[in-house]
Amino acid sequence: MTWLSNYIQLPITDPTWIFFLVLIIILFAPLLLQRIHVPHVIGLILAGVIVGPYGLNILERDSSFELFGKVGIYYIMFLAGLEMDMGNFARHSRLGAVFGLLTFAIPFLTGWVVGVYVLHYTTLTSLLLSCIFSSHTLVSYPIVSRLGVEKHISVVLSIIATVVATFLSLLILAGVVGSAKTDGSWFFWPAFFTKLFCWLAFVVLVIPYVGRAFLRHFNDRVMQYIFILATVFLCAATAELAGLEGLLGAFLAGLVLNRLIPKVSPLMTRIEFIGNALFIPYFLIGVGMIINVRILFQDPKILWVIGVMLLTATCTKWIAAVAMQKLYRMKWHSRLMMFGLTDAHAAGALAIVMIGRRIELSPGVFLMDDTVLNGTVMIILLSCIISSLATERAGRHIAISNTSLDDNRGRHHGKCMVALGNPLTVDNLTQLSLMIRNPKMADGLIGISVVYEDENSEKRLAAGRQNLEKAVKIAASADVKLTPISRISTNITSGIVHAMAEYDVGEVIIGIHHRMNISDSFIGKINENLIHSTHQEIILVRCIIPPSTFRRIDIVMPPKAEYEVGFYKWLEHVCRMGDILGCRMHFYTNDETYAHIRRYINKLHRNLRTEYDNFDNWDDLLLLSNKVEYENLLVFVTARRGFISYDPQFDRLPMQISKYFANTSVMIIYPDQNGDSLEKVTLFNSVPHP
């Protein structure tokens, strides 16, 4: 590279060129290694090794890599918490804690023995070395996210285990550092746990309340993203004040914000996109830049230490994964996934060794020497490579085993159509349609605007197109294609019905009045005509608050609802909402109907948190008004007149909603009811046949 230095001053210090080269690495490193089936995570780390100060010295690890690298590791931990299925988290928390103890204790105890009796370090140094072995970083989690297997039990257990192992490692680290600095003062531990308790109380109690209030009152996407990012760094910064590492704060921020950010929302798409496109690759390149491959050839002692450390770190994590698999009879790819996610040592290991390098036991003698530092850096490189390869292989097997042709075709046929007439409801209706639509259908979402044909039709048509353009942008920001349809018709109902038949629509989402008088039609004349003009599922919606801030979904349904043709279809729709929002679902029905619901949920949505109350009194819904809160979504499952589950009290439903639930978000579902109603069948049978 001497000839190059004659023309370009190395390392490059111009910010424009630095950022350009980083973007080129982010763009081409995965593409080049993809041809030889190497995970892109490894490509970015190796690229950092090549361009870094210990490689070709093209780039220096300056403050930009420190800053973006810190954001990157926080982003990885934040996304791990944010994408966590909270039902899975609660359901498998005990198993996750067991795996966390295994993947902490086995490396920790083995590491201490190796440090004292093999490498002949002091007790304090061996304890820090054990913390390096027992902690790990979810470097390969982007592979899991890309393959879409983040809900698999092995991934959930690994994430929970990461929290447990990292917390215990950092707890011991705090004790070692406190002992070294305070000479074992008894005051250290009470002060530490007091700060820890205050920090946990702040994050768990205050952050969700503030987050829910902010997202409810501010719809600007940029403001929402900045608020989320600021919250992550606030949790990380306060964690450091409590004596922990910031990455634990970032993970906890993801957990407490989990239910406020739906998985298919535009906000979630922005968070994932920016992190995966910039911050996380910056972190991985920065990790590669601190790795000095040349030390392998400088001193045989360093090579011996690196070999022992790498063997201990890798084998103990593998033993922990095997032990977990054998204890709970899991499949081989679950074992490989658990090993892959827990084997990488990056941020935590680097933080521990740098802290050890700063503690001076005596003049010129530090708690950790250069040999341990170099060994740790090499562990970072090799463990990240092993982790990425293992995670990639396991993830592909899990993705294939979890997918069937029936799943790809979708459980229910037909596209989802959202009718957009009021510009004030476009945002909420589009967000609900993103949750309800069949995610297996790439073109399964349609937006429609139908206006009357009169002298003002052109003006109304232009306004309708603006609504559709807004809906298209909202869906596109969630990486979903929405097909817009704009029509002029002498009858709005017939325009929607004809479009349903033309585009193979299975369900229609349409808004209802926000404010009404009891004497007015609650659902509107057009909606009433639409309900009686088609037997397809009609979903009427009134959102008082944004859908992403719903805390519970209350579903009220009549007896014999399970006998309707569309029973499992609407149940799948509300279950999708519950899955995406991560909120509780409370069913109000009788025992027979709930038995069918329970079987369906146990089979296909086992992670949903459900509750049940026996309810069959549609005469007066006043009893429900005391149970439904402002932040709940109240769903009424009804039926068209003359069908099996129809109840005459349904005619009083609009009046009762207006009276008891004026400040509640309401959804009214008219399920699929194919064929003729019972009234028509009875009338037909009563007529004498020729």
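## Close-up views of a predicted model

**View 1. Arg-396 and Glu-392 pair within helix H17.** Arg-396 forms a salt bridge with Glu-392, their closest N and O atoms lying 2.9 Å apart; a salt bridge is here a side-chain nitrogen of Lys or Arg within 4 Å of a carboxyl oxygen of Asp or Glu. Both residues belong to helix H17 (residues 370-401), where they are four residues apart, about one turn of the helix. Helices (H or I, at least four residues) and strands (E, at least two) are DSSP runs numbered from the N terminus. Arg-396 counts as partly exposed at 44% relative accessibility, whereas Glu-392 is buried, with a relative accessible area of 11%. Buried means under 20% relative accessible area, exposed over 50%, and partly exposed in between (1.4 Å probe, protein chains only). The model is predicted, so local features need pLDDT of at least 70 and side-chain atom pairs count only at pLDDT 80 or more, while totals for chains, interfaces and linings use all residues. Residues are numbered from 1 along each chain as its sequence is written, and side-chain values use heavy atoms, with hydrogens and water left out.

**View 2. A salt bridge joins Glu-240 to Lys-70 of helix H4.** The side chains of Glu-240 and Lys-70 meet in a salt bridge of 3.8 Å, N to O. This pair links distant parts of the chain, since Glu-240 lies in helix H11 (residues 221-241) and Lys-70 in helix H4, 170 residues apart. Both partners fall in the partly exposed class, Glu-240 with a relative accessible area of 38% and Lys-70 with one of 41%. Helix H4 (residues 63-82) has 20 residues and reaches 28 Å from its first C-alpha to its last, close to the 28 Å expected at 1.5 Å a residue; the expected span is 1.5 Å times one less than the number of residues in the helix. Because 15 of the 20 residues of H4 are buried, this helix is largely enclosed by the rest of the structure.

**View 3. Asp-443 and Lys-415 connect a loop with strand S3.** A salt bridge of 3.7 Å, N to O, is formed between the side chains of Asp-443 and Lys-415. Asp-443 lies in the loop between helix H19 (426-436) and strand S4 (445-452) and Lys-415 in strand S3 (residues 415-419), so the pair ties together parts that are 28 residues apart in sequence. Asp-443 counts as partly exposed at 36% relative accessibility, and Lys-415 is buried, with a relative accessible area of 17%.

**View 4. Arg-216, Arg-551 and Glu-631 form a network.** These three residues, Arg-216, Arg-551 and Glu-631, are linked in a network of salt bridges. A search of the whole structure finds 15 salt bridges.

View 5. Lys-569 lies in helix H23 (residues 567-581) and counts as buried, at 7% relative accessibility. A polar contact of 3.5 Å joins the side chains of Lys-569 and Glu-507. A polar contact is a pair of N or O atoms within 3.5 Å; within protein, one must be able to donate a hydrogen and the other to accept it, and residues adjacent in sequence count only if both atoms are side-chain atoms.

**View 6. Tyr-209 takes part in a nonpolar surface patch.** Val-204, Leu-205, Val-206, Tyr-209 and Val-210 make a nonpolar surface patch of about 500 Å². Patches are made of residues with over 30% relative accessible area and no salt bridge, like charges being joined within 9 Å and nonpolar side chains (Val, Leu, Ile, Met, Phe, Trp, Tyr) within 5 Å. Tyr-209 lies in helix H10 (residues 188-217) and counts as exposed, at 66% relative accessibility.

View 7. His-120, although not a glycine, has a positive phi of about 60 degrees; His-120 is found in the loop between helix H6 (93-118) and helix H7 (123-134) and counts as exposed, at 63% relative accessibility. Lys-560, likewise not a glycine, has a positive phi of about 70 degrees. Lys-560 is placed in the loop between strand S8 (552-556) and H23, and is partly exposed, with a relative accessible area of 48%.

How values were computed:
Areas by Shrake-Rupley, 256 points an atom, 1.4 Å probe, with all protein chains shown as cover.
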